Amino acid sequence: MAAPCPLPPPDPQFVLRGTQSPVHALHFCEGRQAQGHPLLFSGSQSGLVHIWSLQMRRALTTLDGHGGQCVTWLQTLPQGHQLLSQGRDLKLCLWDLAEGRNAVVDSVPLESVGFCRSSILVQGQPRWMLAVPGKGSNEVQILEMPSKTSVCTLKPEADAKLGMPMCLRLWQADCSPRPLLLAGYEDGSVALWDVSEQKVCSRIACHEEPGL
């Protein structure tokens with residue numbers, strides 16, 4: 001019996017145009033920043049961040065804070081009207097978008113030119129935790145924000161040979177207050193880190209190629 005043919009992809013409801021360069025990062029927002037109307041943030045190769053109204057289907061404003069370098073990651077913070085943007089200019093920007101503002105109010109220098117996107121874990125207002133690719137090729141730096149205090153540097157054992165971190169996800173289990181980090185590495189494996197103990201709890205080989 002022949003396998004059923006896969007269904008074709010659905011037609012788009014609408015198309016947003018106007019970034020003028022390839023899009024490398026997307027982030028939906030339906031929280032306080034959106035004021036009841038869903039927004040879409042897009043980061044482009046030209047270094048611009050567009051804020052789109054999905055109700056009016058057009059760009060509301062454009063943010064320019066990465067000196068023409070590609071924007072690779074976008075994330076809104078739940079406390080207030082704040083946006084994080086990560087760029088290939090080795091800078092992570094914190095934007096204030098309240099009451100029509102579009103100013104960079106703080107930034108974190110990055111030390112890795114790789115493609116790994118950062119991750120956050122909100123621990124209660126106004127504190128939050130930030131994971132970024134570290135200075136060493138296989139390191140992940142954990143910072144407490146907004147003070148930028150270094151919590152720790154997570155580095156695999158020398159004989160592990162995992163390669164560079166390619167993707168990061170900070171999270172916290174419902175049954176434990178201890179922060180955890182899932183990190184996908186260049187060798188295709190995923191490691192679960194206990195941030196407090198700075199050790200790998202488990203690791204599994206998932207892919208033959210680097211995971212993103």
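**Note on strands, a core and some single residues**

1. A strand (E) here is a DSSP run of at least two residues, a helix (H or I) one of at least four, and numbering starts at the N terminus.

2. Before going on, know what you are looking at. This is a predicted model, where local features need pLDDT of at least 70 and side-chain atom pairs count only at pLDDT 80 or more, while totals for chains, interfaces and linings use all residues. Residues are numbered from 1 along each chain as its sequence is written, and side-chain values use heavy atoms, leaving out hydrogens and water.

3. How do strands E11 and E12 pair? E11 covers residues 140–145 and E12 covers residues 149–154; their pairing is antiparallel, over five bridges. Two strands count as paired if DSSP finds at least two bridges between them. Strands of a sheet pair through backbone hydrogen bonds, either parallel or antiparallel.

4. Now look at the turn. E11 and E12 make a hairpin, with three residues between them. Pro146 is in this loop between E11 and E12. The peptide bond from Met145 to Pro146 is cis, with omega near 5°. Lys148 lies in the loop between E11 and E12 too. Lys148 is not a glycine, yet its phi is positive, about 65°. Lys148 counts as partly exposed because its relative accessibility is 33%. The cut-offs: buried is under 20% relative accessible area, exposed is over 50%, and partly exposed is in between (1.4 Å probe, protein chains only).

5. Step back to the sheet. Four strands form an open sheet in the order E9-E10-E11-E12, with antiparallel pairing. Strand E9 (119–124) and E12 are at the edges; each has a single partner strand, so one side of each lacks a neighbour in the sheet. On average, neighbouring strands of this sheet are turned by 20° against each other, direction ignored. For such angles, axes are lines fitted to C-alpha atoms (for helices, over the stretch in contact), and angles run from 0 to 180 degrees between N-to-C directions.

6. Which residues have the most contacts inside the largest nonpolar core? They are Ile142, Leu154, Leu170 and Leu181, in a core of 17 residues. Elements giving two or more residues to this core are strand E10 (127–133), E11, E12, strand E13 (165–172), strand E14 (179–185) and strand E15 (189–194). E14 gives the most, with three residues. A nonpolar core is a set of buried Ala, Val, Leu, Ile, Met, Phe, Trp, Tyr and Cys residues joined through side-chain atoms within 4.5 Å.

7. Leaving aside neighbours within four places in sequence, its contacts include Ala131, Val140, Leu154, Leu170 and Trp193. Contact means heavy atoms within 4.5 Å.

8. Is His66 buried or exposed? His66 is buried, because its relative accessible area is 1%. His66 is in the loop between strand E4 (58–64) and strand E5 (71–77).

9. Gln75 is in strand E5. Gln75 counts as partly exposed, at 21% relative accessibility. Its C-alpha atom is 9.7 Å from that of Ala25, 50 residues apart along the chain.

10. Finally, Gln198 is in the loop between E15 and strand E16 (199–205). Gln198 has a positive phi of about 55° although it is not a glycine.
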